[in-house]
Amino acid sequence: MDEEQGKNRLMFFETETIGRLMMKFSIPAIISMIVNSVYNIVDQIFIGQGVGYLGNAATTVTFPLVTISMAISTLIADGCVAYFSLKLGEKKNDEAARTMGNGTLCALLAGIAIVLVAEFFMPPILKLFGAIPSVYPYAVSYGRITIVGVPFVCVSMTVSSLIRAEGNPRYAMASVLAGCVTNIFLDAWFVMGLKWGVAGAAWATVIGQALNCAIALAYIPRFRDIKFRLENMRPRGSILAGFLPLGVSSFFTQAAAAVVQICMNNMLVDCGKQSIFGSEIPLAAFGIVMKVNSIIVGIMVGLGIGSQPIVGYNYGAKNFARVKKTYLRTILVGTIVASVGCACFQLFPQAIVSIFGQGSALYNQFAVLCFRRFLCTVFLLGLIIPSGIFFQSIGKPVKAIISTMSRSLLFFIPSMYFLGGRYGLDGVLWAGPVSDVLAMVLVSVLAAGEMRRITALEHGESLKV
């Protein structure tokens, strides 16, 4: 009877309109992604208003550390939730409970390890990430405090992913929202009210992350399909070996982003020295650009994640027409949203920059240039990012990795070093559009091949791509 009810619950993937399905699954995912972006943006806004652009430069320098922590968190969280869902589907609920216990323990230990390593090696790490003497004191103050929140992030990401897999995405979203709203209020109080500077913004972030983690953990007794016990947290080699490999793709995606950030920071410092802007202004301004752009990226990822179960179910059910329609609808919506964002970046860059505090004329000049030049092709993300998730949904991991990595490692870093070496800061900024266009061409070729293959399957033919 339960199996029959489960089938009936899933039938709406085949019968409901694509638009309604996308709204049901994409909106919560988009909100969660935006909220995660807002965590960092809020700090940047209050630091810019209360400390100045050197404080913003400090958050840019420490951001790769955040991204590396996220890479390790997603390795555990994504792998754990995939293995957890698999065991629930196999009706092995006890093993699913052990997976949750081992995943939570692994996340906690990984978070503690990151804190210890980062605290011990903070000075050389920050210098590697591009900290210059004028920015270094702010970066140390901000970095040493924000790193304390990493265990909370690791655990909350893992548990929240399990809550979504268990069928309660709204609760997971609410826990993230609660932490974000707390962060905003405390940022205003600590930075603007108590004048704690970058340290105040850092503590606001840590407290928000701790609240997010506490709310997520409070849900554990409410899991319907499993009964969690502390003994489930006893490490088991078979469980760890089962779920950790499943998160490797997510890990490499985040790790690639960290590599890009580190390389970019150092190029901005080196090229900035040879320009009228100096090193501090490019670091501060580009950090704002990347964090504002993270909202667009988050929406694109949310759209892709939202379409994933629709594509995956219908692909497995051989409803190939719905697979194609869902993919095309996703990239259409994504391109429209990204184009609106691109228009805002081109038309109102100074208004956006002003939200993050006032700077000198040179600072404003470079920040506006960053938005108008580096983000002039951001509308292409509406195709590039959802396509990578689409390939993953239809069981094409190699194409998913290629499309995900192409924009950052394959095209951006080589373009940045080549153009930056020849044209200085101008070349660094043009590396963004160049890599976007090249990635768009590559992803379009891969997607066109998959569309031909799926169309052939739709007509009962076989076509290898």
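**Helix α16 and the rest of the chain**

Modeller: Happy to! This is a predicted model. Let's begin with helix α16, residues 361-374: at 1.5 Å a residue, its 14 residues should span 20 Å, and the end C-alpha atoms are 19 Å apart, which agrees.

Biologist: Which residues of α16 are buried?

Modeller: The buried ones are Tyr363, Asn364, Phe366, Ala367, Val368, Cys370, Phe371, Arg373 and Phe374. A handy background point is that an α-helix has 3.6 residues a turn, so residues three or four places apart point the same way.

Biologist: Nice. How many helices and strands does the protein chain have?

Modeller: There are 19 helices and zero strands.

Biologist: And what are the spans of the C-alpha trace along its principal axes?

Modeller: They come to about 70 × 50 × 35 Å. For 465 residues, a compact globule would have a radius of gyration near 23 Å, and this chain has 22 Å, which agrees. Of those 465 residues, 53% are buried.

Biologist: Changing topic: how many disulfides does the count come to?

Modeller: The count is zero. A disulfide is a covalent bond between the sulfur atoms of two cysteines.

Biologist: What about Cys213, how far is its sulfur from the closest cysteine sulfur?

Modeller: That distance is 9.6 Å, to the sulfur of Cys154, which is too far for a bond. Cys213 has 6% relative accessibility, so Cys213 counts as buried too.

Biologist: OK, charges next. How many salt bridges are there?

Modeller: The count comes to six salt bridges. In general, side chains of opposite charge can pair when their charged atoms come close. One of the six joins Arg144 and Glu119, with the closest N and O atoms 2.9 Å apart. That pair links distant parts of the chain, with Arg144 in helix α7 (residues 136-146) and Glu119 in helix α5 (residues 93-120), 25 residues apart.

Biologist: Are those two buried or partly exposed?

Modeller: Arg144 is partly exposed at 30% relative accessibility, and Glu119 is partly exposed at 25%.

Biologist: Which residue forms a salt bridge with Glu458?

Modeller: Lys324 does, and the closest N and O atoms are 2.9 Å apart. Glu458 is partly exposed, with a relative accessible area of 35%, while Lys324 is buried at 17%.

Biologist: And what is the partner of Lys399?

Modeller: Glu450 pairs with Lys399, with the closest N and O atoms 2.7 Å apart. Glu450 is in helix α19 and Lys399 in helix α18 (residues 397-423), and the two are 51 residues apart. Both Glu450 and Lys399 are buried. Salt bridges that share partners join Lys399, Glu450 and Arg453 into one network.

Biologist: Last one: which residues form the nonpolar patch on the surface?

Modeller: Val148, Trp189, Leu194, Trp196, Trp203 and Ile207 form that patch, and together they have about 570 Å² of accessible area. Ile207 lies in helix α10 (residues 197-218) and counts as partly exposed at 36% relative accessibility.

Biologist: Great, thanks for the tour!

Conventions:
Residues numbered from 1 in each chain as written. Predicted model: local features only at pLDDT ≥ 70, side-chain atom pairs only at ≥ 80, totals over all residues. Heavy atoms only, no water. Helix = DSSP H or I, 4+ residues; strand = E, 2+ residues; numbered from the N terminus. Expected span 1.5 Å × (residues − 1). Buried < 20%, exposed > 50% of the residue type's maximum accessible area, 1.4 Å probe, protein only. Disulfide = S-S within 2.5 Å. Patch = residues over 30% accessible without salt bridge, like charges linked within 9 Å, V, L, I, M, F, W, Y side chains within 5 Å. Areas by Shrake-Rupley, 256 points an atom, 1.4 Å probe, with all protein chains shown as cover. Salt bridge = Lys/Arg side-chain N within 4 Å of Asp/Glu carboxyl O. Rg over C-alpha atoms; globule rule 2.2 N^0.38 Å.
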